[in-house]
Amino acid sequence: MGGWFMPGFFMVIFVAAIIWLIFRRQPTPAPHGLSCPKCSGAIHATYFRCPHCGDTLKHNCPNCSRIIEHDWSYCPYCNESQSTNAESTGSS
Ligand SMILES: [Zn+2]
Ligand SMILES: [Zn+2]
């Protein structure tokens with residue numbers, strides 16, 4: 001007696017575990033959504049360098065030495081222009 005109870009009980013546990021995994025997996029993918037502009041690897045907002053390709057993600061402002069993003073054109077702290085790439089090729 002009760003031979004059907006235990007398989008049914010484990011079946012309920014099994015289904016509940018699957019449902020739990022599905023609902024648990026939803027908030028996990030891409031918690032920040034940040035990716036390296038060079039290799040598209042997953043990076044954190046506080047990373048200075050990409051751990052995958054070593055690309056520089058942040059640098060210090062040459063004027064106020066504060067940490068700014070690598071792709072920022074101007075320093076938001078001192079308004080210093082960051083376009084110091086010296087790309088003077090367009091100077092016709
Ligand atoms: Zn990278
Ligand atoms: Zn600055």
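These figure legends walk through several close-up views of one predicted protein model.

Residues are numbered from 1 along each chain as its sequence is written, while chains are lettered from A and ligands numbered from 1 in the order in which they are written. Because the model is predicted, local features need pLDDT of at least 70, side-chain atom pairs count only at pLDDT 80 or more, and totals for chains, interfaces and linings use all residues; side-chain values use heavy atoms, with hydrogens and water left out.

**Figure 1. The overall fold follows the pattern α-β-β along the sequence.**
Start here to get your bearings. The protein has one helix and two strands. Helices (DSSP runs of H or I, at least four residues) and strands (runs of E, at least two) are numbered from the N terminus. Of the 92 residues, 12% are buried. Buried means under 20% relative accessible area, exposed means over 50%, and partly exposed lies in between (1.4 Å probe, protein chains only).

V15 is partly exposed, at 39% relative accessibility. An unreviewed UniProt entry annotates residues 6-23 as "transmembrane region". UniProt positions are given in the numbering used here, feature names are shortened, and annotations may be inferred rather than shown by experiment. In the model, residues 6-23 are 100% helix and 0% strand, and their end C-alpha atoms lie 26 Å apart.

**Figure 2. Four cysteines hold the zinc ion (ligand 1).**
Look for the SG atoms of C36, C39, C50 and C53, which lie 2.2 to 2.3 Å from the zinc ion. Donors are N, O and S atoms within 2.8 Å of the metal (3.2 Å for Na, K and Ca); water is not among the atoms, so sites may look incomplete. Why is the arrangement around the zinc ion (ligand 1) called tetrahedral? The four donor atoms subtend angles of 105 to 114°. Four donors count as tetrahedral if all angles lie between 85 and 135 degrees; four count as square planar and six as octahedral if opposite donors are over 155 degrees apart and all others between 65 and 115; anything else is irregular. Along the sequence, the donor residues of ligand 1 are spaced C-x2-C-x10-C-x2-C. C39 and C50 both lie in the loop between α1 (5-25) and β1 (58-60), so the pair ties together parts that are eleven residues apart in sequence. C39 is partly exposed, with a relative accessible area of 34%, whereas C50 is buried at 3%. The loop between α1 and β1 also holds G41, which is buried with a relative accessible area of 12%.

**Figure 3. The zinc ion (ligand 2) has a tetrahedral site.**
Here the donors are the SG atoms of C61, C64, C75 and C78, lying 2.2 to 2.3 Å from the zinc ion. The angles among the four donor atoms are 105 to 114°, and the donors follow the spacing C-x2-C-x10-C-x2-C along the chain. Is C61 buried or exposed? C61 is buried, with a relative accessible area of 2%, while C64 is partly exposed at 25%.

**Figure 4. S65 and N79 each have a positive phi.**
Most residues other than glycine have a negative phi. For S65, phi is near 65°, and S65 lies in the loop between β1 and β2 (67-69). N79 also has a phi near 65°. N79 is found in the segment after β2 and is exposed, with a relative accessible area of 60%.

**Figure 5. K58 and E69 meet in a salt bridge.**
How many salt bridges does a search of the whole structure find? The search finds one. A salt bridge is a side-chain nitrogen of Lys or Arg within 4 Å of a carboxyl oxygen of Asp or Glu. Between K58 and E69, the distance from N to O is 2.4 Å. This pair links distant parts of the chain, with K58 in strand β1 and E69 in strand β2, eleven residues apart. K58 is buried, with a relative accessible area of 12%, and E69 is partly exposed at 26%.
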